[in-house]
Amino acid sequence: MNVVTVSQINTFIKSLLDGEKRLFNIYIVGEISNFVCYNRSGHIYLTLKDDKSQIKAVMFSSHASRLKFTPENGMRVICRGRVSCYEKDGSYQLYIEDMQPDGAGALAVAYEQIKSKLEAEGLFEQSIKKPLPKYPKKIGVATSNSGAAIEDIKNITKRRFPLCELVIVPTVVQGENAPTDIISSLKILDSIDVIDLIIVGRGGGSAEDLWAFNDENVVRTVAGCNKPVISAVGHETDFTLCDFAADLRAPTPSAAAEIAVPDSNAEFSRLKTISDDLSRFLKFKLENELMRFDSVLNSRLFESREYFDDKAEIFNELSQDLGKAYASVTDAKKQKLSAIAGKLNALSPLSVLARGYCAASDCNGNAITDIESLNVGDRICLTIKNGKAYCTVDEVIYE
């Protein structure tokens, strides 16, 4: 009798499966069920099934971290990997290395998943959109420092509204590092007080090239900016999630520059039109008032001088009474002021000095009020009516 252990048989079965080349790089299509993702490790466990059978599967974090979408129960997917045996419990399973939705692409599925999530949170609500400033003085731009997008923004802004300045933060807008760099640039621009408006975006490209602007954290950063944000990503037909989160979507970077600043020539024309309209209105108003004035002068009221003579006499009487009242009040106030000034003058130290007295102080300006504060050799200052004298104390006599 040839007796083997459980471990030996499981190891043997694993070696058989691992040695079968047709199971080493296999594609399997099925529906996801029993989906579990452990946040701490990042590993994914699930079951792939069809209408007749099922197979357990695992996707380790090293592969799962590269997924563009989030797998869900009921989702039909195509998985690439290898079939092997898990020796500990003797079960065979699929070790997934890559996964794609069956039908729609992974990016399309991820796009709809993130959009539904953020839309449910209210990040795309029109009611929270901030208005754009009509005459921005400084515009922050988060985009690549090279390429057509930034040059278009520079040229159009300078042509339309030369008074506006651009604050450009060179930004990586494509690749794995792009989301982190876009978030950093947005936060920098949003923290600068003098910036009135932010433009974030890039030129055209494939869905993969533009994917950084669908990143959930990038979209949340755009929605969370305190300053108004214009999203200008790709061409007119390209829509990213940043477009929904921004305060305004521009179909292209060039269009963003057109939207961000007014046309100075159009503004000058508008001001000239307003000025011309105002001049015509004032001219019409003046002519109308002159006509009214001539009409009053030609009325019967002005044919009789008696009415105006009576009014002039009353006016003269009132004017005389007002002058007398004013003079009376003024004289009373002057007398009161003179009395107060006399009292103040009597109490003034200057009056005392004028009678031949002097005031003593030390060289720092502190008044000397007690003989005991003086010592032989001290320097003192005597203030007299018309000047000061600095003296040295030769003798101190106590009385």
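Me: How do I read the accessibility of Y135: buried, exposed or partly exposed?

Reply: At 38% relative accessibility, Y135 counts as partly exposed (buried is under 20% relative accessible area, exposed over 50%, partly exposed in between; 1.4 Å probe, protein chains only). The model is predicted, so local features need pLDDT of at least 70 and side-chain atom pairs 80 or more, while totals for chains, interfaces and linings use all residues. Numbering runs from 1 along each chain as its sequence is written, and side-chain values use heavy atoms, without hydrogens or water.

Me: How many aromatic pairs are there?

Reply: A ring pair is described by the distance of the centres and the angle of the planes. Here the count is five (Phe, Tyr and six-membered Trp rings with centres within 6.5 Å; planes under 30 degrees apart are stacked, over 60 edge-to-face, the rest tilted). Take F124 and F244: their centres lie 5.6 Å apart and their planes meet at 40 degrees, so the pair is tilted.

Me: Which parts does that pair tie together?

Reply: F124 sits in the loop between α3 (106–121) and β6 (138–143), F244 in helix α7 (residues 241–245), so parts 120 residues apart in sequence are tied together. Helices (H or I, at least four residues) and strands (E, at least two) are DSSP runs, numbered from the N terminus. F124 is buried at 12%; F244 is partly exposed at 26%.

Me: What angle do the planes of Y135 and F161 make?

Reply: The angle is 35 degrees, with centres 6.3 Å apart, so this pair is tilted. Y135 lies in the loop between α3 and β6, F161 in the loop between α4 (148–160) and β7 (165–170), 26 residues apart. F161 is buried at 10%.
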